[in-house]
Amino acid sequence: MKRPPSRSRLAAVRLVAMDVDGVLTDGGIWYTDRGEELKRFDVRDGQGLVLLREAGVITAIVTRRRSEIVERRARELGVADVHQDAADKAAVVTELLKRHGVQPADACYVGDDVGDLPAMALIGLPVAVADAVPEVRRVAAYVTRARAGFGAIRELCDLILSAKRNSRRRR
């Protein structure tokens, strides 16, 4: 198990981008008899993202799939940067960094599968959820203890927020 990054590295985070399926959800996709898609989101993960946003951290969703459910959840959480149909996640993350004036070293990307690897390679704090594929866990600077869709994002948010609070106290 990898240790959490240093407090200074966590406190420097200005942008957190993440995948959806297998990160914000448990990776399952359910379909109704009518073909409607269903996803399950953890409310504590959502609260963590709200707290990050309120602390001034930019949050972004970068997903290869398209779903109205993702748009709705992002609106509920106040996540303004939602990028669906993102075949090239690295290009999307590069554009996010440029648009928001964030250095790669001050950014975090949370992934779970090989499609996330190019984006994770661009930034200073690559994070994998506990149940990510082995290749993603290997390249991550931090692997959450919690599984995807069951508090992994909240765990990361709490680490970042705690580090930011501690760094303000020291000033």
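How far is the sulfur of Cys-108 from the closest cysteine sulfur? The separation is 8.8 Å, and the closest sulfur belongs to Cys-157. That is too far for a bond.

The structure is a predicted model, in which local features need pLDDT of at least 70, side-chain atom pairs count only at pLDDT 80 or more, and totals for chains, interfaces and linings use all residues. Residues are numbered from 1 along each chain as its sequence is written, and side-chain values use heavy atoms, with hydrogens and water left out.

A disulfide is a covalent bond between the sulfur atoms of two cysteines. Here the term is applied to a pair of cysteine sulfur atoms within 2.5 Å. A search of the whole structure finds zero disulfides. For Cys-157, the closest cysteine sulfur is that of Cys-108, at 8.8 Å, so this distance is too far for a bond. Cys-108 is buried, with a value of 1%. Cys-157 also counts as buried, at 1% relative accessibility.

The strands were examined next. Helices (H or I, at least four residues) and strands (E, at least two) are DSSP runs, numbered from the N terminus. Two strands pair if DSSP finds at least two bridges between them. Six strands form an open sheet with parallel pairing, in the order S5-S4-S1-S6-S7-S8. Strand S5 (81-83) and strand S8 (142-143) stand at the edges. Each has a single partner strand, so one side of each is left without a neighbour in the sheet.

Strand S1 (residues 15-18) pairs with two strands of this sheet, S6 and S4. With S6 (residues 107-111), the pairing is parallel and spans four bridges. Ala-17 has Tyr-109 as its bridge partner in S6. With S4, S1 is again parallel, over four bridges. There, Ala-17 stands opposite Ala-60.

Strand S4 (residues 58-62) is mostly covered, with five of its five residues buried. The chain crosses from S4 to S5 through helix H3 (residues 68-77), in a right-handed β-α-β crossover. Right-handed means that, with the strands pointing away from the viewer, the path from the first strand over the helix to the second runs clockwise.

Methods: Buried < 20%, exposed > 50% of the residue type's maximum accessible area, 1.4 Å probe, protein only.
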